[in-house]
Amino acid sequence: MRRLVILGGSDGTISSFRAARRLGFGTVCVDLRADAPGVAEADEFLHLSTRDVDAVSAALAGRADLVGLLAPGSDINLPSLVELAGRLGLPCGLSPDALRASVDKAYFREVCDRLGLGGPRHVSGSAAQVLREAVRLSFPVIVKPVDSGSSRGITVCAAAGALGPAVAAAAAASPSATVIAEELVTGQDLCGEAFLQDGEVALLGLSDRVVEAPQVVAVGHDMAPRDPALVKEVTRQLELVCAEVGYTDGPLNLDLFVTGDGVVLIEMGARIGGNGMGEALGLMYGVDTVAAAVQLATGRRPDLTPRWNRHASVRMLRAGHAGTLVSLDGLPAALALPGVADVLVTASPGDRVMPYTECRAKLGYVLASGASADAVASVLAQVEELVTVGVDAG
């Protein structure tokens, strides 16, 4: 059986393992964690760090059954994907600049600046450099690692006095100890999921983050048809950026704001979005977008023709407090509800769980779709009533 290598076994990879199976491919999961959620989905497991390209390459060298590589759900494994594809002679649609724009927030800002696209003033570099130069920015500013995900190391600073701890936290969360500080953009905060074909945006889904104050991490996303003028402008900017970095075919995950001055792209990743975003795009248009990414990774051209344009939502399954997961009840009943497309679970009784203050603390997620926002909201309310999470705090 031909096999697809999937780098990483986080919850964001599970849909890709399942899509590969639907397409008739076996799978190889590479992860340093033997208990990663994706490991149970794979046909083979390589207990190696995805960053140890030499070891992974040696373990896979000489195999005639490998057809492709995929790194979904996170930008962290994209550099290894590009390097391994070259060594193993497997397809790879990521150019050097597309890779850099995905893993370096400062470089992405440079690309947008070069194209004349709207965006915040910013400074980047080592912690010391950013501390020196950020005082020239107008506050508030947001401080982030240039190359980390899952909302780690991000702080909003109202004044220069808060910069020290914020920059230190960002540097600690950055694999390269590199930080970016940007003037804070305000407006309508949207996430995006897109799929490019032949340099054009074939599919685009824009979603509102659902948050529960005082936390800022999204507990879900509501993806919906948008004003055609907004879709046209986001499409224009994405196509400009992707042409500039040489990315023509494949999935794209992005963050953006709609301000009084227009659309501001914040960051992008040339890969399937995590937290159910890739699946939500597929539900919105009636296209199996995760399977499409698998097809591209194996050298095939996917059919991205939309069948409809609907509403789709994701909601995270969460623990209310730290402790040991005792039960996660009501899932079969929730999955049976009309409008619920999938319930993906990444935790099991006995696991240690934490409150949902960052994306990796989720227990899984629910995907739902419908003809209207009200229809989706109704089914999600039913899911919330049915699903109960039991945690022993002892």
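# Briefing: contacts, helices, sheets and cores

Thr178 touches Gly125, Lys144, Pro145, Val146 and Asp147, leaving out residues up to four places away in sequence. Contact here means heavy atoms within 4.5 Å. This is a predicted model, in which local features need pLDDT of at least 70, side-chain atom pairs count only at pLDDT 80 or more, and totals for chains, interfaces and linings use all residues. Residues are numbered from 1 along each chain as its sequence is written, and side-chain values use heavy atoms, with hydrogens and water left out.

**Two loop residues**

- Thr178 sits in the loop between α7 (163-173) and β8 (179-183). Helices (H or I, at least four residues) and strands (E, at least two) are DSSP runs, numbered from the N terminus.
- Thr178 counts as partly exposed, because its relative accessibility is 22%. The classes are buried (under 20% relative accessible area), exposed (over 50%) and partly exposed (in between), with a 1.4 Å probe and protein chains only.
- Thr178 and Gly390 are 212 residues apart along the chain, and their C-alpha atoms are separated by 40 Å.
- Ser95 lies in the loop between α3 (78-88) and α4 (96-103). Ser95 counts as buried because its relative accessibility is 15%.
- The Ser95 side chain reaches the backbone nitrogen of Ala98 at 3.0 Å. A polar contact is a pair of N or O atoms within 3.5 Å; within protein, one must be able to donate a hydrogen and the other to accept it, and residues adjacent in sequence count only if both atoms are side-chain atoms.
- Leaving aside neighbours within four places in sequence, Ser95 is in contact with Val245 and Gly246.

**Helix α2: one face in, one face out**

- Val53, Val56, Ser57 and Leu60 are buried in α2 (residues 53-60). Down the helix axis, these buried residues of α2 fall within an arc of 100°, so they line one face. The arc is that of the directions from the helix axis to the C-beta atoms.
- The general rule: an α-helix has 3.6 residues a turn, so residues three or four places apart point the same way.
- On the other side of α2, Asp54 and Ala58 are exposed.
- The partners of the buried α2 residues are β1 (3-7), β2 (26-30), β3 (44-46), β4 (66-70) and α3.
- Gly62 follows α2, with a positive phi near 85°.

**Helix α9: enclosed**

- Helix α9 (residues 277-285) is largely enclosed by the rest of the structure, because nine of its nine residues are buried.
- The buried residues of α9 include Met277, Glu279, Leu281 and Tyr285.
- Gly286 follows α9, and its phi is positive, near 70°.

**Strand β9 and its partners**

- Strand β9 (residues 188-197) is mostly covered, with eight of its 10 residues buried.
- β9 runs antiparallel to β12 (residues 250-259), joined by nine bridges. Two strands pair if DSSP finds at least two bridges between them.
- Cys191 has Asp255 as its bridge partner in β12.
- β9 also runs antiparallel to β10 (residues 200-210), joined by eight bridges. Leu190 has Asp208 as its bridge partner in β10.
- β9 and β10 form a hairpin with two residues between them, and Asp198 in the turn has a positive phi of about 55°.

**His221 in β11**

- His221 lies in strand β11 (residues 220-224). His221 is buried, because its relative accessible area is 7%.
- Leaving aside neighbours within four places in sequence, the contacts of His221 include Cys191, Asp208, Met277 and Arg315.

**An open sheet**

- Three strands form an open sheet in the order β17-β15-β19, with antiparallel pairing. The edge strands β17 (352-353) and β19 (388-392) each pair on one side only.
- Five bridges join β15 (residues 323-329) to β19. Ser327 has Gly390 as its bridge partner in β19.

**Nonpolar cores**

- The largest nonpolar core has 45 residues, of which Val234, Leu238 and Leu252 touch the most other members. Helix α8 (residues 228-245) gives the most to this core, with six residues.
- A nonpolar core is a set of buried Ala, Val, Leu, Ile, Met, Phe, Trp, Tyr and Cys residues joined through side-chain atoms within 4.5 Å.
- Leaving aside neighbours within four places in sequence, Leu238 is in contact with Ala194, Val201, Leu204, Leu252, Leu254 and Leu265.
- A second, separate core of 43 residues includes Leu70, Met277, Leu281 and Tyr356.
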